[in-house]
Amino acid sequence: MKKLFTIVVLLSSVFIANSQVLDTPQHAGNSGSHSFSSVYLIYSPAKYYGQNSDSDPFMKFAIGGDNASLLPIDNFTAYFTKGLMAEWYHKTEDKLSTNMFSVKAPLNVMFDLKLSNQMSVLPFAGVNASLGIIARIADSSTHYNLYSKDDMGDYALRRFLVGWQIGTRINYKGFYGMVSFEKSFMDAGKNLDFKLGGVNIGIGKYL
């Protein structure tokens, strides 16, 4: 948990610093905006999607932020966004506790559909890359490193995953709600034919 707290503080500092170097940051949805930054919190009932069956859901919580740049398109407003987030997955089942911590970098193309001067809808789609930091399953007496071949043999998880996401934001007065779906392109492990993903529900604020 100390590592999680440290990374959360670092993420917040990075995105607040980035927002300060932009030329008069504008909220997405405002005409004439060239860039914006935001921070957000996400909850997800994430799970592993298998060929024959899906796993029970994990509780996933994430904190992150992004920066966006206006794309040179004349007919409508679109942005390219790059972000960074810290994710924590947790599940307790049959006295076994599973905890996984990872860092993810999503890249998106986002379209700005303005509804009024104060409200807009921003659908987006893109890809992401995540790096697993910690993954362990434990009971009262022992624990196993899910990334370790010594502990898991041929069924160890991959640390590095590449995936995709699609979703939308609804902006209102500098805040937004967000819903998206994401899934990894790659199987969770060399001999594990299931992919990590789920629906994300979040709230955010423009800086």
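Reader: Hi! Among contacts between residues at least 6 apart in sequence, how many join residues at least 24 apart?
Author: In this predicted model, the share is 59% of those contacts.

Reader: Thanks! What helices and strands does the protein have?
Author: The protein has 2 helices and 10 strands. Starting at the N terminus, the order is α-β-β-β-β-β-β-β-α-β-β-β.

Reader: I'm curious about Met 178. What does Met 178 touch, leaving out residues up to four places away in sequence?
Author: Met 178 touches Tyr 40, Ile 42, Phe 124, Thr 168, Arg 169, Asn 200, Ile 201 and Gly 202.

Reader: New topic! How many salt bridges does the structure hold?
Author: The structure holds 8 salt bridges. In general, side chains of opposite charge can pair when their charged atoms come close. One of the bridges joins the side chains of Lys 60 and Glu 87, at 3.1 Å from N to O. That pair links distant parts of the chain, with Lys 60 in strand β3 and Glu 87 in strand β4, 27 residues apart.

Reader: Is Lys 60 buried or exposed, and why?
Author: Lys 60 counts as buried because its relative accessibility is 1%, and buried means under 20%. Glu 87 counts as buried too, because its relative accessibility is 1%.

Reader: Which residue meets Lys 60 in a salt bridge of 2.9 Å?
Author: That is Glu 182, with the 2.9 Å taken from N to O. Glu 182 sits in strand β9 and Lys 60 in strand β3, so this pair ties together parts that are 122 residues apart in sequence. Both Glu 182 and Lys 60 are buried.

Reader: Which residues are linked with Lys 60 in a network of salt bridges?
Author: Glu 87, Lys 104 and Glu 182 are linked with Lys 60 in that network.

Reader: And what does Arg 169 form a salt bridge with?
Author: Its partner is Asp 66, and the closest N and O atoms are 2.4 Å apart. This pair also links distant parts of the chain: Arg 169 is in strand β8 (residues 160-172) and Asp 66 is in strand β3, 103 residues apart. Arg 169 counts as buried because its relative accessibility is 2%. Asp 66 counts as buried because its relative accessibility is 5%.

Reader: What share of the protein's residues count as buried?
Author: Of its 207 residues, 38% count as buried. The accessible surface of the protein comes to about 11,500 Å², and 61% of that belongs to carbon and sulfur atoms.

Reader: Last one! What is the volume of the largest pocket?
Author: The largest pocket has a volume of about 320 Å³.

Reader: Oh, and which lining residues are the closest to its centre?
Author: Of the 16 residues that line the largest pocket, Phe 58, Lys 91, Thr 98, Ile 137 and Leu 146 are the closest to its centre. The elements giving two or more residues to the lining are β4 and β5 (96-114).

How values were computed
Residues are numbered from 1 along each chain as its sequence is written. This is a predicted model: local features need pLDDT of at least 70, side-chain atom pairs count only at pLDDT 80 or more; totals for chains, interfaces and linings use all residues. Side-chain values use heavy atoms; hydrogens and water are left out. Contact means heavy atoms within 4.5 Å. A salt bridge is a side-chain nitrogen of Lys or Arg within 4 Å of a carboxyl oxygen of Asp or Glu. Helices (H or I, at least four residues) and strands (E, at least two) are DSSP runs, numbered from the N terminus. Buried means under 20% relative accessible area, exposed over 50%, partly exposed in between (1.4 Å probe, protein chains only). Accessible areas come from the Shrake-Rupley method with a 1.4 Å probe; for residues, only the protein chains shown count as cover. On a 1 Å grid over the protein atoms alone, a cavity is a set of points where a 1.4 Å probe fits but cannot get out, and a pocket is an open set with protein on both sides within 12 Å along at least five of seven lines; lining residues have an atom within 4 Å of a point. Grid points are joined across faces, edges and corners, and a volume is the space filled by probe spheres set on the points.
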